Amino acid sequence: MTRLKKARAVIASDVVGWREVVSLPELGVFDMRAKIDTGARTSALHAEDQEIFERDGVKWVRFKVPASRHHADFKVEVPVHDERDIKNTSGVPERRIVIRTLLHLGDRHWHVDVSLANRANMGFDMILGRTAIRRHKVLVDAGRSFLAGKPAVATKH
């Protein structure tokens, strides 16, 4: 195989579409559609009924992601990783809770920081921002979708 063909083969395996199916197994979220949004710095997950509480001296958050036509309703309790001012889609900063969780995208997985936001009027319950994909050599083909395939993690049905 020539050097050019090797380079193309490596690059092709790391290309994802502008929308993909992801899993967040630590949260009990399997096969959720996400928008890969290189214009957004931070990833975001639609979260309703957010409630902060303390468990063993650690700050936790409890929230719900309501069912959509693509996934079932789920409730989550997870430690708070951070709280940050993050610009919303209108460019206005708002204080958000940030959690850290495992992401499965195709046959790859890594931990990502995800802000909890009200995305009720958005097309996707999750966006994967550029910070989440930057160090993982993922290229986004803005004209294609679902290139990574189903997440390589046991799916819950």
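Guide: Start with F53 and W60: both are buried, meaning under 20% relative accessible area with a 1.4 Å probe and protein chains only (exposed is over 50%, partly exposed in between). This is a predicted model, where local features need pLDDT of at least 70, side-chain atom pairs count only at pLDDT 80 or more, and totals for chains, interfaces and linings use all residues. Numbering runs from 1 along each chain as its sequence is written, and side-chain values use heavy atoms, without hydrogens and water.

Visitor: What sits over the ring of W60?

Guide: The charged end of R55, 4.2 Å from the ring centre. R62 has its charged end over the F53 ring, at 4.1 Å from the centre. The test is NZ of Lys or CZ of Arg within 6 Å of the ring centre and within 35 degrees of the ring normal.

Visitor: How many aromatic pairs in the whole structure?

Guide: The search finds 2. W18 and F124 have ring centres 5.9 Å apart and planes at 80°, so they are edge-to-face. Pairing needs centres within 6.5 Å, using the six-membered ring for Trp; planes under 30 degrees apart are stacked, over 60 edge-to-face, the rest tilted.

Visitor: Where are W18 and F124 in the chain?

Guide: W18 is in the loop between β1 and β2, F124 in the loop between β10 and β11, 106 residues apart. Strands are DSSP runs of E, at least two residues, numbered from the N terminus.

Visitor: Is F124 buried or exposed?

Guide: Buried, at 15% relative accessibility. W18 is partly exposed at 30%.

Visitor: And the other pair?

Guide: F53 and W60 are tilted, because their planes are at 35°, with centres 6.3 Å apart.

Conventions. Helices (H or I, at least four residues) and strands (E, at least two) are DSSP runs, numbered from the N terminus.
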